[in-house]
Amino acid sequence: MRNERIGDYLVNQGLITSDQLQQVLAAQKEAGGTKKFGDVVVELGFMSEVNFAKALAGNLRVQYVDLDNIDINTEAVQMVPEALARKHTVIAINVQGKRLTVATNDPVNFIVLEDIKVSTGMDTVPVLATTSAINKAIGKCYSMQNVDSVVGEIAALNNDLGSMDEDAESKDRVENAPIVKLATTIIENAYRADSTDIHIEPFEKYTRIRIRVNGDLVELMNISSAVHSALTTRLKLISGMNIAEKRIPQDGRFSQVVDGTTLDVRVSSLPMVHGEKIVIRILSTGQIALRKITDLGMSDYNYQLFESMLRVPQGVILVTGPTGSGKTTTLYAALGEIAKPNVNVVTVEDPVEKAIDGINQCQVNQKAGMTFAAALRSILRQDPDIVMVGEMRDSETADIGIRAAITGHLVLSTLHTNDAASTVVRLVDMGVAPYMVATSLIGVIAQRLVKVLCPECKTPRMSTEEENELMQVPHSIQIFEPCGCQSCNNTGYKGRTAIHEIIHCNTSVSNIIARNGSKEEIEAAAKANGTKLLRDNVSELVQAGQTSIAELIRTTYTV
């Protein structure tokens, strides 16, 4: 029986409409046949990549595999050369006798399958996977082999490096291939492990490289301290720092393409006892889709509160929390919601973390005198409707931001405080008059990130009396503990979600702020108004089996 065309199949299955099909075909025609049907469907946002792959597998009657959640046979991987795997976007995932199971994004392309058959001398069985999952798996499986070979090459170079004089730091020496490969491989492996930061730490006998995954530092590898100097020089070189200066801290940045995604990489160096410590922050660029406010992990109640705050035409909305709690993600999601073609949105950030289409973004530059306050003053002469200030760092920025809100602008910003109520007190401490805070503040969102338990290996148990008290429940209930399995790299957790505490400044809260009320009074009025505290939010997640008691204590414990 002949397979029907994929477009017709999707319409018949009710996955896209006839209108959408016509749009896809028109876009494909416009691209001159250079884009596949599936790529266009995903680009236009009619289906996710995974859903399209599943539908295609159903239409072609081949098996769909989720490469992120299966064990890939390393013996099978090694049978297909890396160059061939990358050229055809395929990866071998299993071998049985003379049959090699190969994941591909195009299972009807017999030329590719024939190529692999000739190269390996095996019968190939195609299964379908998404392009991004295959690229990620290729990177992961082949790069781990590369690390060992790179570290081996460097070990061979150690003798030379050890005997070099100060000239070792010269550009020519550092451009030698193993060091370049090592620097690239470290960033690739960190990105594939979904980490946010890389720490390269020099000690007397070795250099330790750790990555931050789900908020925790995990060791990636240890390398000889003889290599440290060359590695730091390489990273300083590509990020535009002065390689001759080793006594003062420096900052730089560069871009690197990993598995088809361009990463924006920030680098910071700090002199230590045994050399320079390098910390690399990996930022996802504009290529990675902006989150919608529905994807922030808010409870339905908090989501409705947040949405109603975004409808207010002028005032200040503040997002607070410690560093790395996802404040910028929340702000970007809010901007995505309210930035329409008929409004002028201007942001001032340090640094601009994600380039967003249709929004005017301005980068702070302290050396050139372009501070938050200076930029904000100029922005207000640019006829803005919505202003986003990366952070209210000082009283001047806070004051201008509040005045901008009073004069009819919607201002979004962040502040570093522990909870929503103390944010108001902080603003008054910064020198903003209480009556101005009361008239301009729409609301405050405090947030934290909590780790989500791995669904494969979490283990149930009954809660103790002390834990019942922490969760504020009257009797013991079933809760879950992290265990650790291959799927979650033996950490017991897989991914993170946000918890929120939202104070909506209604009349009663505004009155307390205007008469310079205490944090406790503001919190009491907010609770009476229906605000759920961070503790209530994380407690609900523990009861639902999504996170552990340890995470509740880590994020919200107070004496």
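This is a predicted model: local features need pLDDT of at least 70, side-chain atom pairs count only at pLDDT 80 or more; totals for chains, interfaces and linings use all residues.
Does Asp 264 count as buried or exposed, and at what relative accessibility? Asp 264 counts as buried, at 9% relative accessibility.

Arg 253 is partly exposed, with a relative accessible area of 42%.

Next, select Glu 391 and Arg 393. Their side chains meet in a salt bridge at 3.3 Å, N to O. Glu 391 is buried at 18% relative accessible area, because the cut-off for buried is under 20%. Arg 393 is partly exposed at 40%. Then pick Glu 201, Arg 208, Arg 210 and Lys 277: salt bridges that share partners join these four into one network. The count of salt bridges comes to 25.

Move to helix 19, residues 507-514. Val 509, Ser 510, Ile 512 and Ile 513 are buried here. Look down the axis of helix 19: its buried residues fall within an arc of 160 degrees, so they line one face. Show what covers them, including helix 16 (420-429), strand 18 (493-504) and helix 20 (519-528). Just after helix 19, Asn 516 takes a positive phi of about 60 degrees.

Finish in the largest nonpolar core, which has 42 residues. Ile 513 is among the members that touch the most others, and so is Val 348. Select Val 348. Beyond four places away in sequence, its contacts include Cys 362, Val 364, Phe 372, Ile 379 and Met 388.

Terms used: Residues are numbered from 1 along each chain as its sequence is written. Side-chain values use heavy atoms; hydrogens and water are left out. A nonpolar core is a set of buried Ala, Val, Leu, Ile, Met, Phe, Trp, Tyr and Cys residues joined through side-chain atoms within 4.5 Å. Buried means under 20% relative accessible area, exposed over 50%, partly exposed in between (1.4 Å probe, protein chains only). Contact means heavy atoms within 4.5 Å. Helices (H or I, at least four residues) and strands (E, at least two) are DSSP runs, numbered from the N terminus. The arc is that of the directions from the helix axis to the C-beta atoms.
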